[in-house]
Amino acid sequence: MNINKIDLNLLIYLDVLLRECNVTRSANKLNITQPAMSNGLKRLRDLLNDPLLVRTSEGMKPTEKALRLQPIVRKVLLDLEEALQPEADFNESTSTRVFRIMASDYAASTVIPRLLNRLREYAPGITLDIMTPSDVTFHDVEAGKIDMAINRFEELPQSFHQKSVWLDTFVCMMSADNPIKDQFDLEAYLKAQHIWVSKTGFGIGVGMDPTDVQKLGWVDEALQAIERKRSIRVFTRSYHTAMHLALEQDLIATLPKKVAMVNKKNPDLVILEPPFDIPKIELKMIWSPLLHHDASHIWFRRQVIDVANEFNAQACNK
């Protein structure tokens, strides 16, 4: 096959078709008519001598050849878009840019307030658009529709750029009136009623099953490692909700230390070290390769890391 005879627009068609697996949705994505997209699919099939998408009982599905081509085509297009990004200087003091960030509740409680204070001082015209994990997908980040996602991630697509924001440990938060605070050991912890709080990754969450330890996360997996189990009374995806519920006399919230420190001056709450070992967690920021060399994005990433470093320095001095 002579690559000089290939219409490179067909690669864009193929990329969208293999992500959407639907001709109409693909046409809408590219703002072209459905017949034009159907014609593009026919040309691709003739060019590659493969049906690429076949109809099944579950809708259109990619062929084996299409699945092999998909990551290759995606990388070619991403590399090309990145290379064609215009170079420009960035002046943060006069910029009115909007940065769209997917921030977990954990990140929104810790990083974002400090980042906003920094922007007020150095970039007063910049606006933050904060989204939750349920608002976006990995495709949104990859396409550059979201400037950055800040969260704890277990798995990430290889195409993303990423940087560690910090590592965090866990603490236990409870009411100052909770009687177990004065003799807080493992047995006291296990006899208490607990607030579960966590939310990672992207997408809409589902209901929790108290018996499914693998989905309960770090705290419960750490207990399972020592063959123990806690009694969870409340499930929540909000750290602010968990800290408010910890004011109840009979409930304990085990949560990351940096978010717990938001309420460290509250005299009605007590923060104690857990009576068992829990592995540290890592907060990361990720972004699209399409934005990696953008001057404004480079500046913004630096602000996030500077804020994180200042947070860590303050914590070490206290």
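Two strands are taken as paired if DSSP finds at least two bridges between them. The close-up views below show a predicted model.

**View A. An open sheet of 5 strands in the predicted model.** The strand order is S4-S3-S5-S12-S6, and the pairing is mixed. Strand S4 (127-131) and strand S6 (161-168) stand at the edges; each has a single partner strand, so one side of each is left without a neighbour in the sheet. On average, neighbouring strands of this sheet are turned by 20° against each other, direction ignored.

**View B. Pairing of S6 with strand S12 (residues 281-287).** The two strands, S6 and S12, run in the antiparallel sense and pair over 7 bridges. Within this pairing, Leu167 has Glu282 of S12 as its bridge partner.

**View C. Helix H5 (residues 105-122) on the sheet.** Helix H5 packs on the sheet and touches strand S3 (98-103), S4, strand S5 (148-151), S6 and S12. The direction of H5 makes about 155° with that of S3.

**View D. Strand S10 (residues 251-256) and its pairing with strand S7 (residues 170-175).** S7 and S10 run antiparallel and are joined by 5 bridges. Met173 has Ala253 of S10 as its bridge partner. Of the 6 residues of S10, 6 are buried, so this strand is largely enclosed by the rest of the structure.

**View E. Pairing of S10 with strand S8 (residues 193-197).** S8 and S10 run parallel, joined by 3 bridges. Here the bridge partner of Ile195 in S10 is Ala253, the residue that is also the bridge partner of Met173.

Key. Residues are numbered from 1 along each chain as its sequence is written. This is a predicted model: local features need pLDDT of at least 70, side-chain atom pairs count only at pLDDT 80 or more; totals for chains, interfaces and linings use all residues. Side-chain values use heavy atoms; hydrogens and water are left out. Helices (H or I, at least four residues) and strands (E, at least two) are DSSP runs, numbered from the N terminus. Axes are lines fitted to C-alpha atoms, for helices over the stretch in contact, and angles run from 0 to 180 degrees between N-to-C directions. Contact means heavy atoms within 4.5 Å. Buried means under 20% relative accessible area, exposed over 50%, partly exposed in between (1.4 Å probe, protein chains only).
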